[in-house]
Amino acid sequence: MREAYEVIVVGAGPAGSVAARRAAEAGLDTLLIEKRQEIGAPVRCAEAVGALATQEFIDEDPRWINARIDYYSVSNRQGDRVVVPPTEPTWVVDRKVFDYELAHVANQAGATVVTSAAATGLLREDGRASGVTIKRFGKTRDVKAKLIIAADGTESQIARWAGLKTVPPMADYYSGAQYLLGNMAGRMEPNRCEYHVGMTMAPGGYLWVFPKSADTANVGIVITSDKTAGGTARDYLDRFVAEHYPGSSILNVVVGGIPATGALKKMVTDGLMTVGDAAHQADPLTAGGINLGMYGADMALQVGIEALRRGDVSAAALQPYEKMWAERFGKMHAALYQIRKMMTQMNPDTLDGLIRTASTLDLQSMTPGAVLMTLLKEYPVMLLQARTLVTTGLILK
Ligand SMILES: Cc1cc2nc3c(=O)[nH]c(=O)nc-3n(C[C@H](O)[C@H](O)[C@H](O)COP(=O)(O)OP(=O)(O)OC[C@H]3O[C@@H](n4cnc5c(N)ncnc54)[C@H](O)[C@@H]3O)c2cc1C
């Protein structure tokens with residue numbers, strides 16, 4: 001590490017590595033630091049990505065593709081199941097290899113990548129972020145930069161140190177837990193991602209079963225953080241696993257919180273941009289954030305590179321990034337946020353009933369409008385939410 005770079009990226013997750021790569025490709029002297037000793041590990045993710053979106057950033061490689069998904073299913077507590085194809089081909093990836101490869105590509109593009117290097121403070125000059133303090137193997141040093149990219153994940157300290165408002169209300173926060181389960185052969189479809197919903201199983205959230213190999217799967221849960229009367233996310237997950245997969249082995253445990261708000265309104269300050277989970281760019285319904293974080297990083301660097309060329313990295317010069325994000329994902333995230341709110345408030349019997357009715361329909365041959373009308377006929381109580389549903393349907397189309 002030298003004393004100064006043009007760009008410092010903090011955090012070598014998918015968003016940070018894409019940001020570092022874009023900066024290096026533009027010929028900027030770039031440092032990517034990662035506090036963990038191994039990029040990608042430990043994995044805190046169910047590891048499902050959109051194949052097309054991912055291919056915009058890295059070439060397909062069987063070394064990090066664990067499963068290719070042809071179907072999604074959504075089930076209720078009674079076992080009724082709706083099966084639909086994904087809106088785009090989906091892969092379940094091995095994030096340990098995937099994240100490592102993304103950082104490797106950034107390195108090949110010219111970025112300096114340093115692991116076991118934690119940002120422990122933000123430097124400022126004339127009120128502008130001007131570098132970071134980095135701790136590595138017990139030694140601390142200040143490293144300056146013209147532009148800092150905070151890609152340090154959901155608990156981003158950099159964003160907080162920069163004065164950005166990052167703490168959402170409890171009702172907009174998911175608590176998550178996940179097991180990598182063994183002994184799963186014959187208990188899941190190798191090409192299907194399963195979701196299970198219902199207030200008694202996963203209040204204000206959902207459970208998932210994503211295949212990883214012929215006999216292992218990521219089995220996890222998110223619940224809304226203010227709905228923990230029945231226990232923690234892990235308690236709910238334990239009950240689900242005991243009921244559905246008795247005799248399975250827990251090969252790995254992950255717990256963590258995920259903001260489900262949609263992106264921060266303010267994602268930049270003077271000399272600093274936030275990307276990925278640090279900017280809350282994950283989908284506010286599913287909390288999936290790998291591809292969205294990569295898109296966020298790409299947009300941030302488009303603006304950041306131009307700002308560096310003009311020699312003006314003030315917040316005003318970086319704000320077109322916020323606009324770019326809002327134009328591409330703002331409406332979609334607002335709609336997904338509304339769907340989550342609606343599901344959280346829905347009577348549990350209505351949610352179960354909707355899935356039961358939908359499971360009897362031939363969804364492949366029906367238009368979304370026809371599906372909606374059938375469901376409304378059966379559950380007129382949903383008319384109250386019909387406006388949200390229709391606008392959401394139009395936006396998501
Ligand atoms: C249980 C669970 C399941 C999930 N499942 C999915 C899924 O199936 N699909 C999906 O798309 N998304 C999923 N997500 C969300 C997904 O994991 C994140 O959206 C994604 O990892 C965000 O990428 P990122 O690069 O912004 O942040 P991260 O991947 O979190 O990377 C941030 C990096 O910054 C490093 N860092 C933090 N602080 C510092 C510091 N001070 N100095 C240096 N480095 C630092 C961290 O060590 C980390 O490597 C899931 C999340 C959870 C918790």
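This is a predicted model: local features need pLDDT of at least 70, side-chain atom pairs count only at pLDDT 80 or more; totals for chains, interfaces and linings use all residues.
1. The surroundings of the ligand deserve attention at the outset. A total of 38 residues surround the ligand, and the closest are Gly11, Gly13, Gly153, Gly276 and Gly289. By class, this shell consists of 18 nonpolar, 13 polar and 7 charged residues.

2. As to where the shell comes from, at least two residues are supplied by each of the helices α1 (14–25) and α6 (290–310) and by each of the strands β3 (48–50), β9 (118–125), β12 (173–182) and β16 (249–259). In terms of domains, at least three shell residues are drawn from each of domain 1 (4–47 + 94–167 + 261–318) and domain 2 (170–259).

3. The largest nonpolar core holds 101 residues, among which Ile8, Val10, Ala19 and Ile149 touch the most other members. Helix α6 provides the largest share of this core, with 10 residues, and the core takes at least three residues from each of domain 1 and domain 2.

4. Val10 can be examined individually. Leaving aside residues up to four places away in sequence, Val10 touches Gly16, Ile33, Ala119, Val132, Ile148, Ile149, Ala150, Ala151, Asp152 and Ile158; one of these contacts, Ile149, is itself listed with Val10 among the core residues that touch the most other members.

5. Strand β14 (residues 206–211) is mostly covered, with 6 of its 6 residues buried. The burial applies to both faces, with Tyr206, Trp208 and Phe210 on one side and Leu207, Val209 and Pro211 on the other.

6. The pairing of β14 involves two strands that can be described separately. With β13 (residues 192–196), β14 pairs in the antiparallel sense over 3 bridges, and here His196 has Leu207 as its bridge partner.

7. Is Asp349 buried or exposed? Asp349, which has its place in helix α9 (residues 348–359), counts as exposed because it has 12 C-beta neighbours inside 10 Å, and a residue is classed as exposed when that number is 12 or fewer. The C-alpha atom of Asp349 is separated by 32 Å from that of Lys212, the two residues being 137 residues apart along the chain.

Note on methods
Residues are numbered from 1 along each chain as its sequence is written. A residue is near a molecule or strand if its C-beta atom, placed from the backbone, lies within 6 Å of it. Helices (H or I, at least four residues) and strands (E, at least two) are DSSP runs, numbered from the N terminus. Ala, Val, Leu, Ile, Met, Phe, Trp, Tyr, Cys and Pro count as nonpolar, Asp, Glu, Lys and Arg as charged, and the others, Gly among them, as polar. Domain bounds come from an automatic or database domain assignment. A residue is buried if 20 or more other C-beta atoms lie within 10 Å of its own, exposed if 12 or fewer, and partly exposed in between; C-beta atoms are placed from the backbone. Two strands pair if DSSP finds at least two bridges between them. A nonpolar core is a set of buried Ala, Val, Leu, Ile, Met, Phe, Trp, Tyr and Cys residues joined through C-beta atoms within 7 Å. Two residues are in contact if their C-beta atoms, placed from the backbone, lie within 7 Å.
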